[in-house]
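Hi everyone, thanks for coming. Let me put the model up on the screen, and then we can walk through a few spots together.

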Amino acid sequence: MLYHFLKKVFIFISAITGFFGYSQDLKLQYNQPAVEWTEALPIGNGTLGAMVFGRVDSELIQLNEATLWSGGPVQKNMNPDAFKNLALIREALKNEDFEKANELTKNMQGAYSESFMPLGDLILKQDFGGKKTDSYNRSLDIQTGLAVTNFKVDGVNYKREIFASAPAQCIVIKLSADQLKKLSIAIDASSLLKNQKVVQNQSLVLKGKAPSHSDPSYIDYNKEPVVYEDASGCRGMRFELIIKPIVKDGEITSEGNRLVIKNASEILLFVSAATSFNGFDKCPDSQGKDEHQFAETPIKKASVKKYDVLFKEHKEDFQKFFNRISLQLNVNETNKSNLPTDIRLEQYAKGEKDAGLEALFFQYGRYLLISSSRTHNAPANLQGIWNNKLRAPWSRQLYDQH
C-alpha cells in the first residue's frame, strides 16, 4: 500500500515539474483572423507589447510601451487630511453604520490615476488582387512567445512570425514565402496620440507626445477629457517608434510617409520604441530622457543579427521563466489540442470536459505575466502592457472631483 501511495506522489510531482518531458498543450490556434482587439494574440517583452490580428491583406499589429502614460509627477502628499478620518471610520464600523463608513472612506482617497496610453498601430498591406485565401491558420506558442500566421494565396504559402525579445529589446517580425520574390508589402504606422511620421534611413519613424492629462473613461463631466497643453513644460511624455526593414532580394522605396517593398524573398522587420520617462518624480518633458537614443540603440544592435540567432536568444531567455512549471491534468481524457482554441472554448462553455484547456489557460496566465511584468520599476497594469484605448476602460476610481 505504501508503494502505491508513494508511486502516486511521484507521478504528481513529476507532472508538476515536467520530469517526464511529456508533450504539453501550449498553443493557442485559430482558423480565422482576429476581428475584435480581444481576439488578437498578445506578445511582449515586459517593455514592448503587441496584439497581432493575423489579417491577410492588411495585417494590424497594435503596439504598446510600458512607460507611456499621460500626465507627470503627482503631489507627494495628495491628501494630508486622510488620517483624520480613520478613527471616525472605525467608530462607524463598530456601530455597524456601514453607509457612513463608506462615505468617510472617500475622504481618505486621492485623485484619479493618469492613463496608460496606446503607442500606435503597425500596418502591413499586401495586395493580392482580390484573390481568395486557400488555407489559413494563426497561432501563439506560449512556451516560446512566437506568434505565427500562415496562409496560402494563388498557390503561394506565406508565413509571418513575430516575437518580442527581451534580450534584443525590440519586436522582431519575419515575413517569408515558399517561392522567391513573392513578397510585396507596404509598411505604415499610425497613433491615436499627437504625432509626426517620417521616413529616415529606410526606416519608418513615428514621433509624438502623450497628453498632459487624460480623464478615465467613466468620467463624463469635463468638456476636454484629454488635454495636451501644459504651461509648466512638465507634463506630457514624449515617445518615438522606429520600424526598420531588412530585405532579401527586392527593393525598398518610400511613398509619402510609408515604406514600400517589392519582390522580396524574405523581410525582417525590427520594431523598437522608447519614451522620455525618467522616473516617477521627474518631469517627463523638461526632465525627460532622450527617447530617440533609447529607441534607436536596440534597432542598431538587433538588425545586424540573423533571425535564428535573435529567436534563439529570445527563446532561451523566455524559457528561463516559463519552463519552471509544467502541468498536465487528467491524462486519460481525449486530447483536443488539434482543435482551434475558440472551438474548444465553445465546447467547454457547453459543459464538455477539456482538462487540457484548463491546463493551457493556467499556463497562458503565466505567459501573459512573464510577457508584461519584466520592466524595472513599472509593474503590469490590469491588462498587462496591452491597451488600444486613449482612455482605457480601467483606472483607480477614487473620489468624485466634480
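Let's start with the cysteines: Cys234 and Cys283 form a disulfide, with their sulfur atoms 2.1 Å apart; a disulfide here is a pair of cysteine sulfur atoms within 2.5 Å. The pair links distant parts of the chain, 49 residues apart: Cys234 lies in the loop between β14 (226-227) and β15 (238-255), and Cys283 in the loop between β16 (258-275) and α4 (291-302). The structure holds 1 disulfide, and the link of Cys234 and Cys283 is left-handed, at -90° about the S-S bond.

Before I go on, a word on the source: this is a predicted model, where local features need pLDDT of at least 70, side-chain atom pairs count only at pLDDT 80 or more, and totals for chains, interfaces and linings use all residues. Residues are numbered from 1 along each chain as its sequence is written, and side-chain values use heavy atoms, with hydrogens and water left out. Helices (H or I, at least four residues) and strands (E, at least two) are DSSP runs, numbered from the N terminus.

Are those two cysteines buried or exposed? Cys234 counts as buried at 12% relative accessibility, and Cys283 does too, at 15%. Buried means under 20% relative accessible area, exposed over 50%, and partly exposed in between, with a 1.4 Å probe and protein chains only.

Now to the inside. The largest nonpolar core has 60 residues, and Ile43, Leu140 and Ile171 are among those with the most contacts inside it. By nonpolar core I mean a set of buried Ala, Val, Leu, Ile, Met, Phe, Trp, Tyr and Cys residues joined through side-chain atoms within 4.5 Å. Strand β16 gives the most to this core, with 7 residues. There is also a second, separate core of 17 residues, which includes Cys170 and Leu268; Cys170 is buried at 0% relative accessibility.

Next, have a look at Tyr367, in helix α7 (residues 355-372). Tyr367 is buried, with a relative accessible area of 1%. Which residues does Tyr367 touch, not counting those up to four places away in sequence? They are Pro42, Ile43, Leu140, Ile142, Gly145, Phe318 and Phe322, where contact means heavy atoms within 4.5 Å.

My last stop is Gln62, in strand β4 (residues 58-65). Gln62 is buried as well, at 3% relative accessibility. Beyond its neighbours within four places in sequence, Gln62 is in contact with residues including Trp37, Asp121 and Asn388.
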